[in-house]
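Please report on the model shown here. Cover the fold, the backbone and the aromatic side chains.

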Amino acid sequence: MWTWNPEINDVKWRRLLVVALAAVLLLGAIATYSLLANRHQSDGTRGAVDEPAAPPTPWAEPQTNVSLRATDAETFAQGVAEVLFNWDTQQMTTPTSTTELLVAVADPTGESSAGLVADIANYLPTEEIWLELRKYETRQWIEVTSTEVPDQWAIALEQAGDELAPGTVALTVRGVRHRSGVWEGEDVTSEHDVAFTVFAVCAPTYPECHLLRLSRLDDPLE
């Protein structure tokens with residue numbers, strides 16, 4: 001069975017996706033939390049404030065209510081997106097629970113778990129930033145607009161031969177990432193288009209889908 005062992009199989013993966021996505025396993029830095037993460041200047045004083053937007057609309061339930069048990073790859077990828085992007089600093093002490101939820105549905109062989117943890121970390125605030133975001137009652141959620149198998153995945157499958165476990169699939173998720181919080185007593189919001197690819201393995205290898213890896217944020221398979 002093909003695995004994601006970082007020392008052995010990254011070479012296979014780069015060869016597998018040489019046409020599709022040569023840099024898919026490189027670990028990128030988390031996208032800048034421009035709205036609320038860095039409101040202090042280097043001397044500790046407050047910086048400029050964006051004009052308050054309209055109060056945010058009600059958002060989805062916290063990701064702890066999202067089920068990741070799915071036999072359909074598209075449904076599974078959408079669930080992964082919700083768990084990964086839907087968080088509330090007032091309801092969660094740290095972002096660790098997000099990592100735990102996703103690792104719980106990782107490939108049961110455990111071969112991809114270490115790389116997956118690193119992938120997830122690129123999407124979440126560090127604990128230091130999380131504590132800062134809590135001061136502003138920051139929360140985030142995603143509005144998924146599309147989930148589809150990228151065209152380049154067909155090329156990857158052709159190149160992989162029997163290296164991939166049956167049922168291994170890539171789903172590129174696109175959506176709008178929303179953030180809201182409170183700044184000086186006013187509700188502020190922002191939104192940003194995002195895209196990423198979920199690599200999973202489903203039937204016939206497993207009766208339910210399991211998560212292998214994630215691409216870098218905004219660097220999906222096309």
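The report goes from the overall fold to backbone details and then to aromatic pairs.

## Basis

This is a predicted model, in which local features need pLDDT of at least 70, side-chain atom pairs count only at pLDDT 80 or more, and totals for chains, interfaces and linings use all residues. Residues are numbered from 1 along each chain as its sequence is written, and side-chain values use heavy atoms, with hydrogens and water left out.

## Fold and surface

The protein has six helices and five strands. Their order from the N terminus is α-α-β-α-α-α-β-α-β-β-β. Helices (H or I, at least four residues) and strands (E, at least two) are DSSP runs, numbered from the N terminus.

Of the 222 residues, 48% count as buried. Buried means under 20% relative accessible area, exposed over 50%, and partly exposed in between (1.4 Å probe, protein chains only). The protein exposes about 10,900 Å², and carbon and sulfur atoms supply 50% of that area. Accessible areas come from the Shrake-Rupley method with a 1.4 Å probe; for residues, only the protein chains shown count as cover. Among contacts with a separation of 6 or more, 73% join residues 24 or more positions apart. A contact means heavy atoms within 4.5 Å.

## Backbone details

The peptide bond from Ala203 to Pro204 is cis, with omega near 10 degrees. Pro204 lies in the loop between strand E4 (186–201) and strand E5 (210–214).

Glu137 is not a glycine, yet has a positive phi of about 55 degrees. Glu137 sits in the loop between helix H5 (127–134) and strand E2 (139–148). Its relative accessible area is 42%, partly exposed. Asp218 also has a positive phi, near 65 degrees. Asp218 is in the segment after E5 and is partly exposed at 39%.

## Aromatic pairs

The structure holds six aromatic pairs. Rings of Phe, Tyr and Trp (its six-membered ring) pair if their centres lie within 6.5 Å; planes under 30 degrees apart count as stacked, over 60 as edge-to-face and the rest as tilted. The rings of Phe85 and Tyr123 are edge-to-face, with centres 5.9 Å apart and planes at 90 degrees. This pair links distant parts of the chain, 38 residues apart: Phe85 in helix H2 (residues 73–85) and Tyr123 in the loop between helix H4 (113–121) and H5. Phe85 is buried at 2% relative accessibility, and Tyr123 is buried at 5%.

Tyr136 and Trp183 form a tilted pair, with ring centres 5.2 Å apart and planes at 45 degrees. Tyr136 is in the loop between H5 and E2, and Trp183 is in strand E3 (residues 168–183), 47 residues apart. Tyr136 is buried at 6%, as is Trp183 at 3%. Phe85, Tyr123 and Phe196 form one aromatic cluster.
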